[in-house]
Amino acid sequence: MIRIDAAWLAVEPMDMRAGPDTALARVVAVFGAAQPHHAYVFANARATRMKVLVHDGVGLWLAARRLHAGKFNWASSPQPSLPISTTQLGALVLGLPWQRVGHTGAITLV
């Protein structure tokens, strides 16, 4: 299992033909650096494909996921990136509404 301590969501789309080196260059451009045990998540413009780059402290892991129907519930923000929890990352990869996972989905008034 790959250890992930923090996850970051890139708001702008990325070309899904990108390999590990291109994805790493994009991480450095958007996030400043690729930190060990951090996951960096990108999607294509239609949000039907996703790539996750993880620096495990020794090397890089690049995972891809493609949906055959529907699309990922992607964030829109004026900021180029958003921090997300590892629980939210798990929900996002499954195609679930990740914004409702954790404290952001709390019901405070009935």
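This is a predicted model: local features need pLDDT of at least 70, side-chain atom pairs count only at pLDDT 80 or more; totals for chains, interfaces and linings use all residues.
Student: Why does His55 count as buried?

Tutor: The cut-off for buried is under 20%. His55 comes in at 17% relative accessibility, so it counts as buried. This residue lies in strand β3. His55 and Ala39 are 16 residues apart in sequence, and their C-alpha atoms are 7.1 Å apart in space.

Student: On to the strands. How do you know that β1 and β2 pair?

Tutor: Pairing takes at least two bridges between the strands. β1 (residues 6–10) and β2 have four bridges, in the parallel sense, so they pair. Ala6 stands opposite His38 in β2. The chain gets from β1 to β2 through helix α1 (residues 20–31), and this β-α-β crossover is right-handed.

Student: In which sense do β2 and β3 pair?

Tutor: Antiparallel, over six bridges. One of the partners to look for is Leu53 in β3, which bridges to Tyr40. β2 and β3 form a hairpin with five residues between them, and Ala47 in the turn has a positive phi of about 60°.

Student: What makes β3 and β4 a pair?

Tutor: Again, the rule asks for at least two bridges. Seven bridges join β3 to β4, so these strands pair, and they run antiparallel. His55 has Leu60 in β4 as its bridge partner. Their hairpin has four residues between the strands, and Gly57 takes a positive phi near 95° there.

Student: Now the charges. Why is the contact of Asp5 with Arg3 called a salt bridge?

Tutor: The rule wants a side-chain nitrogen of Lys or Arg within 4 Å of a carboxyl oxygen of Asp or Glu. For Asp5 and Arg3 the closest N and O atoms are 2.7 Å apart, so the contact qualifies.

Student: How many salt bridges are there by this rule?

Tutor: The count comes to two. Asp15 also forms one with Arg17, where the closest N and O atoms are 2.6 Å apart.

Student: Why does Arg17 count as exposed, and what about Asp15?

Tutor: Exposed means over 50%, and partly exposed runs from there down to the buried cut-off of 20%. Arg17 has 74% relative accessibility, so it counts as exposed. Asp15 has a relative accessible area of 40%, so it is partly exposed. Asp5, at 48%, counts as partly exposed, and Arg3, at 48%, counts as partly exposed too.

Student: Last topic, the largest pocket. What is its volume?

Tutor: About 260 Å³. It is lined by 13 residues, and the closest to its centre are Ile2, Ile4, Val52, Val54 and Ala63. β3 (49–55), β4 (60–66) and α2 (86–94) each supply at least two residues of the lining.

Student: How many residues of that lining are nonpolar, polar and charged?

Tutor: Eleven are nonpolar, none is polar and two are charged.

Definitions and conventions
Residues are numbered from 1 along each chain as its sequence is written. Side-chain values use heavy atoms; hydrogens and water are left out. On a 1 Å grid over the protein atoms alone, a cavity is a set of points where a 1.4 Å probe fits but cannot get out, and a pocket is an open set with protein on both sides within 12 Å along at least five of seven lines; lining residues have an atom within 4 Å of a point. Grid points are joined across faces, edges and corners, and a volume is the space filled by probe spheres set on the points. Ala, Val, Leu, Ile, Met, Phe, Trp, Tyr, Cys and Pro count as nonpolar, Asp, Glu, Lys and Arg as charged, and the others, Gly among them, as polar. A crossover is right-handed if, with the strands pointing away from the viewer, the path from the first strand over the helix to the second runs clockwise. Buried means under 20% relative accessible area, exposed over 50%, partly exposed in between (1.4 Å probe, protein chains only).
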